[in-house]
Amino acid sequence: MPLHRVGPFEVGALGLGCMAMSDYYGTQDESESLATVHRALDLGVTLLDTADAYGSGANEELVGRAIKGRRDQVVLATKFGVVRQGGRTTGVCGRPDYVRSACEASLRRLGVEHIDLYQQHRVDPEVPIEDTAGALAELVAEGKVRHIGLSEASAETIRRAHAVHPIATLQNEWSLWSRDIEHDQLALCRELGIGIVPYSPLGRGFLTGKYRSAGDFDGDDFRRVAQPRFAEGNLQHNLAIVDALTEQATRLGITPARLALAWLLAQGQDVVPIQGATTRAQLEENLGAASVTLTAADIAAAAAAVPADAIAGERYAPDRMRLLDD
């Protein structure tokens, strides 16, 4: 797999987001999840991303088991700051004491001595970002964390945090149908040398063309209960967008998933999407995007197939939108 440089890390061009192996997207198969992580490492994936919120710690434990004996092959990223109780998100926290305790807990669950990339999952509006960044800087000085990152942070927040301690990466949703990062965060990150780690690069699976109705999701699937773009009415409207992307992919002789990922990879060598495969078959399909070469005309045509202003529904339900730092 070709290498990209995201912040200080030289890693495989596609990373692996492990969230769905433990939470949110219906049922999970732990043995297949472990096999998928191992296969990813075999195929040159080096960036693994998790968070303490995924499965309320269970995902970090799974990733820890998966990388045991292979720690030196992994750039290990995790996140803190989303508070969950009883399986529900109740808020965010960026207090310095919380940052430290969350890091210690993640180190224990992962079974490692240090975290390569420790990211604030969501910005706490009640705590100055300078205080949170200061706590993270202390963890770096102590060797518990190598580099720090932010997720879903506004340009102003990124600049303020970076003034306290260098920010290595920004993890924001970015795909053909989620283009908010292009408004101002992307240019700022490139000005400051901050790498981009897009999550949900396949539009939470929608851009693959797999999902055609609400009945395609398990009853407790996060997309069905908290994602307006998958709600009845919006879903049917958005299918026309997926069909246009599929037509473009067919013309190129590839799948829509590979086209969507290749489009992101073509945005720059400082971009490393974390695709969320939960099976080896999905993984190998997605990683094929790294060998796809798009012309400038192909890139423009893919973007035209998914107009940002034509998508029905917000990224998150109203109660979750408040957790975003805009």
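Arg 315 counts as buried because its relative accessibility is 9%, which falls under the 20% limit for that class. In this predicted model, Arg 315 forms a salt bridge with the side chain of Glu 173, at 2.8 Å from N to O. Glu 173 is likewise buried, with a relative accessible area of 5%.

**The pair Glu 173 and Arg 315**

- Glu 173 is located in the loop between strand E10 (167–171) and helix H6 (185–192).
- Arg 315 is located in the loop between helix H11 (296–305) and helix H12 (318–321).

**The cavity**

- The model contains 1 cavity of 30 Å³ or more.
- The largest cavity holds about 40 Å³ of space.
- Glu 173 and Arg 315 both belong to the lining of the largest cavity.
- By class, the lining comprises 4 charged, 2 polar and 2 nonpolar residues.

**Other salt bridges**

- Side chains of opposite charge can pair when their charged atoms come close.
- The model has 22 salt bridges in total.
- One of them joins Glu 182 to Arg 179, with the closest N and O atoms 2.6 Å apart.
- Within this pair, Arg 179 is buried at a relative accessible area of 18%, whereas Glu 182 is partly exposed at 30%.
- A further salt bridge joins Glu 285 to Arg 258, where the closest N and O atoms are 3.5 Å apart.
- This pair links distant parts of the chain, since Glu 285 belongs to helix H10 (residues 280–287) and Arg 258 to helix H9 (residues 256–265), 27 residues apart.
- Both partners are partly exposed: Glu 285 has a relative accessibility of 24%, and Arg 258 has a relative accessible area of 25%.

Notes. Residues are numbered from 1 along each chain as its sequence is written. This is a predicted model: local features need pLDDT of at least 70, side-chain atom pairs count only at pLDDT 80 or more; totals for chains, interfaces and linings use all residues. Side-chain values use heavy atoms; hydrogens and water are left out. On a 1 Å grid over the protein atoms alone, a cavity is a set of points where a 1.4 Å probe fits but cannot get out, and a pocket is an open set with protein on both sides within 12 Å along at least five of seven lines; lining residues have an atom within 4 Å of a point. Grid points are joined across faces, edges and corners, and a volume is the space filled by probe spheres set on the points. Ala, Val, Leu, Ile, Met, Phe, Trp, Tyr, Cys and Pro count as nonpolar, Asp, Glu, Lys and Arg as charged, and the others, Gly among them, as polar. A salt bridge is a side-chain nitrogen of Lys or Arg within 4 Å of a carboxyl oxygen of Asp or Glu. Helices (H or I, at least four residues) and strands (E, at least two) are DSSP runs, numbered from the N terminus. Buried means under 20% relative accessible area, exposed over 50%, partly exposed in between (1.4 Å probe, protein chains only).
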